[in-house]
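Biologist: I would like a close look at one part of this protein. Please take me through the aromatic rings and what surrounds them.

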Amino acid sequence: MKNGLSGRLLRAGTAAALVLAATAGWAQSWKFAFMSDHRAASGMSPGVNTGVVASLAADIAANGVELLLVGGDLIIGNYGNAAEVAAQYGHFKSAIAAVTDAGIPVYPVPGNHEFQCKTNDVLTQYEIATGAWASAFGQALPQNGPAGDKGMTYGFEHRNALFLGLNQWNSDTNYKGNDNAWLAAQLAASTQAHVFAFGHSPMAMAAGAAAVSNRNDFWSLLGQAGARLYFAGHDHYRARTATRTPDAERSFIYEITDGSGGAPLSALPEPAFPEPNDILFTNLFYDNTRFGYTLVDVDGPVVTCRWRCCEDTGTGLVWRIADEFTYGRTDYSNAIREVSALASNHVADGSIVGLSIALVDGDRIAWQGAFGMADAARGIPAATDTVYHIGSCSKAFTAIGVLQLWEDALLDLEGPVTNYLPDFSMLPRFTNETPITVRMLLNHHSGIPGDLFNGMITVAPWSGFSACLRQALALDYPTMPPNTINFYCNSGFVLAGDVIEAVSGKAFPAYMQERILGPLGMDSSSFLCDKASISNRLARSYADGQLQVDEMMNGYATGAMYSSAPDMARFIRMLLARGLWDGSQILGTNAFHAMIQPQGAGLPLNVGHNLSGLGWDSVRDGNLDYAGRVFWKDGATLFHCGFVGCLPDQKLGVIVLQNTSGSQCDMIGIRALQWATLDKIGLHWVTNFVPPLLPAASRPQAELDAMAGVFAGKGYHRVIAEPGSLTLVHNAHLDSPDIYTNMVPRSNGWFAASDSARSEIVVTNIGERILLMERFADVWGKDTSIIGERVEPPAFSAAWSNRLNRIFIARQFHPDDILFAYPGNVTVTIAERDGFMLLQANEHYVAQPTNDSVAFIAGLPNRHDNSIRFEAMPGGEWMSYASYRYQDIAHVPALAIGSDTNGAIPASNGVAWYRIEAVAGARYGVRVGNPPGAMRIRIFDAAPMQIVYCASNSLDWACPSNGVYYLALASEAQGPFDLRVFRHLAGGFNDYDGDGRADLAVYDPVNGLWYVRTVAGANLAWAAQLGGVGQEPAPGDYDGDGRCELAVQDEAAGLWYARTTAGSNVLWQVPWGAPGLAPVWGDYDGDGRCDLAVHGAGTWYIHGAAGINIAWAFAWGGYGFIPVPGDYDGDGAGDLAVYHEASGLWYIARPDGSLIQWACWWGAPGLSPVWGDYDGDGVSDLALYDASAGRWFIVTLQGRLLAWGTRWGGVGYTPVPGDYDGDGAFDLAVYDRTSGAWYIGFVSGEIMRWSLAWGGPTLVPAGGIE
């Protein structure tokens, strides 16, 4: 098409100079204007509001536009002949002289008033109107319109745009619509970057079947061509309407109704849109008080529209911009800036450790970003391709997998689940239940308890979760009848995964790889951590900024998938193409539309605005509905979170992934879509959803009184009827509930306080349920929810009365389950409050007994389990809830420290419990013998039952405070085991009273007498007889009671003797040794008992307390090597360490011969080794003492210096290692054998005790280093 300019409206000789060649592409910047409806009021001469039009023209010319579009009703019409209408056109031309004199071409189209003739003959009207139009504008306008409409309907190109002027009338009362065949041809012939259409009539207001059909075809043509603006007039106001095309593309188009060009302003309110209305989104702007025009700025792909309106201030006209919007910013500079700032702020405040994001526009990634750290400890930043758990975003993939099989006619969405899973069952509860269908699994309407998590999130992979879940469901009751209400249901998606396996004959991860992930090229995605591209780039897990264990998600179909932002962007691109990827249909069109259809919209209990799709949390969302269709899914494991959202009408999508608990990614993702929509199409999101406060309304007091009661939901709420109002006690089960008073009835039937409609409540009856509902709104959105159902206090039977106010502890809990760390899972409480039975688990729930063994959770908002069930078991009844089984904590047996016992894992994935009492600062050990399988050992404090320590098969732990602790032993396998719990000697081998502090012990080697006292001065032994000449002191805890015994070893005879300070024999003439073998006592097998160990000439012999040889003739050392016993790897067991004085080298190995250190240098001739853990980290350090100068040199095995030349001692002073203050770290202690004085200090050289008298010249320190 050629560019046609209206030379007749220009000064002679200027038209040719102003003809601008059409230029394809984006890199152009220019302006144009649109105005419409300039007629005068009825009866006003000369038929044009010349004053307003002249003012508009002057401002248009001053703004440097390159062309002006006019949308009809240039004149009032009402003429009788061609001369009269020509005169009116003349007045219009004169009024716009400022534009034409500036050489700006003008492109008008007629409106209905151009056809307004004093004859009622339509044909005559048309002939006069078209003739007059041709006379006024002649052949200067493009003559490429359809036959009979040339010069009135036309198209032309200017710079990088195609303009389409449309005549939609053939009389003043007959709207003929658009010639869509002609329009299609014009659009097909042009390759310009922009399309702008203008006519007289607003399309969004089309009424009548023919007009609507014509409008819908017209709108679809514009949308498919990429048009974003349609200008109209006719109505005498300025409005901006967001619309969408009615076809499958649902493209976005702004309709600008700008009839503010001088005609009498409409007194109509904001326009209402008649049905059927397939295209309306919402009115975005409306003004009927000012005259104005629309100024359009085209800058490459970016288009900015401004309504410039004039106000008469009394001293002259003032021009203002009252409405402005921009679209086409497809570099998304604003979105990138704002979202980057939002993500960076979360990283800066510690709420997110690492995050990756990708913004998708159609078939391209418009932007990728990464923030924070993927692995903070190792300094690895988050990258755009970092891999995360995507949590429940996995459900979207599972739904597609099911829908593929539906398209393949291999399953029926409406068919019962049991058609595919014959072994699926639940206990009967409701009468006349309809079957649970496959669709219900995908749309959260199955009625199945949603969160049965036993074994779903573990520290090691477990393939048995799905089978375990189905076993739990078979012993449980449904929460609601099927297809009653939307309850988020993880269990349903696990079953959906099982359906995929049953129908396809393939393992779920393999099916998803073959049908979805592989075809999409999602190479860093899987439902298993089975690819190097996943494990090599997987982000670590964090909560509250702290590193957490790496979690394994065993409910594959509901939340186990790993992915990266680029991979998920591929998924989004496929969705935006309605299932098409690289020429292949991953998901068919019918299945795609079925997936994003709102589910459960007709169910009375689904009261909220947001509705789920198949696999999608929301396909109707108040935050994003303004932009058209929406579907999004968020997901969270314990520590990773994800959000994937799509606006298919805008061809926009986003994926946000984070390695931190908290789901901030949801807000970031929504904001990203909102900013991207603003950049792309200029449409701003709703900034405040709080409605105006409606007037108060009177309600009979009897109605208010009938609303009072207790309503069970999460916990329970209480509604109190006051005179003329309600009081809501929210969370009335808590000690400090929230109380909302003076909730008065409003004209809409709801109750709200006097200051805001932010929160409204109502008590209503739905389906024979009396429900408490809340409607809440803020800047983020609004929704309606059921927060409680009325309940009455039950009568408790003796069985239930005996269970009240008791704590129940888990007896069946997968040993690797990470939820073991959460009190609401390990223990639950059944309490009585206000006459109600309250189950206190992760949340608080009202439970209503139905018989002596079963109680159901009351109220509707509960996605967890809905029943608690008791059964008789040996040793006391067990309770089942949420796939876990519990027993009254009173049945947990007490276990004395230092004792041995036999126990049993009571069931598969069972837990054995023991109650122990521990002392602050003391170190304890737990050893399990002959377990039925791999064993997880955990120590819990008594309140609030949080894990203190956790290990596998054996455990050593330091007690943080005095009190009762619970020991849990869990295994997948059922069966017996042997158990020993003991106390490590925290004070070295010199703690004789078990208080965690080393004591002062001296030994008379001639008479075999012992003298022991605490540092504080309490005598523990005085002249206690054990030993004599030739018998060397070898103190240690030989019975594992946490207290050191008086012990000696007779080197010549090779016999050992040990006795408690109270005089009880522990060892008596136990043979282990020979001449030349000196005692090197220690706990070499980590069982908490000192072993019989001797060393000589580099050879070790160690006999365990359990009677088993630990080492026999083990060569480690030699001539010039000094044994230095200690725990050098922190595993709770002693190691073989020797120090070579001449070279200063250390050699350390475990009793099994595995190497810890070889030829580690720390020493020099004249320095003696002193064993001990001097920094309290549980690992022995390399310590040396210079007896000639009394100086200490200490370093850790990792090379961290603890002491260098610290002076503590001197000639004649013997080091006596031990922890004398009970802080877990050894101190510097020396004994002056001449005076019998002790000197004890810290590693820093500060004094702890000075010159404590305990000993004398004939007494040697027990445990001293000679």
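Biologist: Is tyrosine 477 buried or exposed?

Modeller: This is a predicted model. In it, tyrosine 477 is buried, because its relative accessible area is 16% and the cut-off for buried is under 20%. A search of the whole structure finds 67 aromatic pairs. In one of them, tyrosine 477 pairs edge-to-face with phenylalanine 856. The centres are 5.0 Å apart, with 85 degrees between the planes. Tyrosine 477 lies in the loop between helix H10 (465–474) and helix H11 (490–504). Phenylalanine 856 lies in strand S40 (residues 854–857).

Tyrosine 1101 sits in strand S61 (residues 1099–1103), and tryptophan 1112 in strand S62 (residues 1109–1115). The partners are 11 residues apart. Tryptophan 1112 counts as exposed, at 58% relative accessibility.

Charges meet rings too. Arginine 429 lies over the face of phenylalanine 856, at 3.8 Å from the ring centre. That phenylalanine is the edge-to-face partner of tyrosine 477. Elsewhere, the charged end of arginine 803 sits over the ring of tryptophan 800, 4.5 Å from its centre.

Ring pairs also build a cluster, with Trp30, Phe32, Phe34 and Tyr107 among its members. Others in the cluster include Tyr154, Phe156, Phe163 and Phe231.

Definitions and conventions. Residues numbered from 1 in each chain as written. Predicted model: local features only at pLDDT ≥ 70, side-chain atom pairs only at ≥ 80, totals over all residues. Heavy atoms only, no water. Phe/Tyr/Trp six-rings, centres within 6.5 Å; stacked < 30°, edge-to-face > 60°. Helix = DSSP H or I, 4+ residues; strand = E, 2+ residues; numbered from the N terminus. Buried < 20%, exposed > 50% of the residue type's maximum accessible area, 1.4 Å probe, protein only. Lys NZ or Arg CZ within 6 Å of the ring centre and 35° of its normal.
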